[in-house]
Amino acid sequence: MSDFDNPYAPASGGQMSGTVTFGDQTKPAQAAAAAPSSDLSSALGGGGVSGELIFDTTTADFTADVIQASRDVTVLVDFWAPWCGPCKQLTPIIEKVVRESNGRVKLVKLNIDDHPAIPGQMGIQSIPAVVAFAGGKPVDGFMGALPESQIREFVDKVAGPAPTSSADEQIADIVTQSRQALTAGDVEAAARGFGAVLQMDQGHVGAIAGMAACMLAAGELERAEKLINAVPLEERKDPEIASVFKRLEMAKEVAVLGDPAELESRLAANPADHEARIKFAKILNAKGDREAAADELFTIMRKDAKWEDEAARKMLLEFFEAWGPMDPATLSARRQLSSMLFS
């Protein structure tokens, strides 16, 4: 589209810039790219940033919902008002295109009657007006109720064309990358990826398990339990789902195990206090220190393998179930266990 039709388009060879007010703070739009990325609660679906494809925002939330979120995915901001007839024409069309974009863009809607500061600072003089944000700054836009074909062209322009691979391939790639991020400890990135998959396929077992695992890692036990309990009974035998159920069970148990510092003191005073050691192992596991948790159990087994009907070995097997058969901690501990049992 031409610059006359599109007053928000960047100058040739440059990036769109301007001065935008966010709440009571004014900053150059280009400098907004330095803002920190959205927090974990948003990535887990606690707000509009990553939990939804289409949602409303406010002056106060604009930085998180648009500026910060656009560092991860292109965000379209729809400036509208309830009395605007063309806005009502545009809404179903642009929402359809966004839903069919396979997560390439999100749509954030701002009612200019309720929140006039930002559109005023951006020079929005006619609505509907749609501005695309990427990398923390506005990069392109259009005015008016465009037809669906032109909106699709606009999305392809600001977010790149749709991948040629199939939806199943896209989902598989995102799930793989998200699992890798979770293993590496980047819970926020993993949650964004699993959330994107769930936007495309709400019943995807791997994404549900992954998102629940992210919630567990963030200490959101109630949310994890609510999510995982929605899985149909026939699918709960899936190893990933079963693993999350076991981890949830263990995490809830840890809440009543006591103070880890007190347990360490008990062990320092009496290294043969196996009850304290097995509790301490559970706490270490809940904190994600799997190798240390396994080491505590091996300590018990080396001192008294038969203690409490082989409680340490049985607990280690429960850890394996929670960690999954291919987790590095599982593989390492299994080798140690085999060496101990068959030496």
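Guide: Buried, as used here, means under 20% relative accessible area. The model is predicted.

Visitor: Are Phe142 and Phe154 buried or exposed?

Guide: Phe142 and Phe154 are both buried.

Visitor: How many aromatic pairs does the structure hold?

Guide: There are four aromatic pairs. One of them joins Phe142 and Phe154, with 5.0 Å centre to centre and 85 degrees between the planes, which makes the pair edge-to-face.

Visitor: Which parts does that pair tie together?

Guide: Phe142 belongs to strand 7 (residues 137-143) and Phe154 to helix 6 (residues 148-159), so the pair ties together parts that are 12 residues apart in sequence.

Visitor: Which residues do ring pairs link into a cluster?

Guide: Phe319, Phe320 and Trp323 are linked into a cluster by ring pairs.

Visitor: What lies over the face of Trp80?

Guide: Lys109 does, at 5.9 Å from the ring centre.

Visitor: Which ones in helix 9 are buried?

Guide: Among them are Val205, Ile208, Met211, Cys214, Met215 and Leu216. Gly206 and Gly210 are buried too.

Visitor: What span should helix 9 have?

Guide: At 1.5 Å a residue, the 13 residues of helix 9 (residues 205-217) should span 18 Å. The end C-alpha atoms of helix 9 are 18 Å apart, which agrees.

Notes
Residues numbered from 1 in each chain as written. Predicted model: local features only at pLDDT ≥ 70, side-chain atom pairs only at ≥ 80, totals over all residues. Heavy atoms only, no water. Helix = DSSP H or I, 4+ residues; strand = E, 2+ residues; numbered from the N terminus. Expected span 1.5 Å × (residues − 1). Buried < 20%, exposed > 50% of the residue type's maximum accessible area, 1.4 Å probe, protein only. Phe/Tyr/Trp six-rings, centres within 6.5 Å; stacked < 30°, edge-to-face > 60°. Lys NZ or Arg CZ within 6 Å of the ring centre and 35° of its normal.
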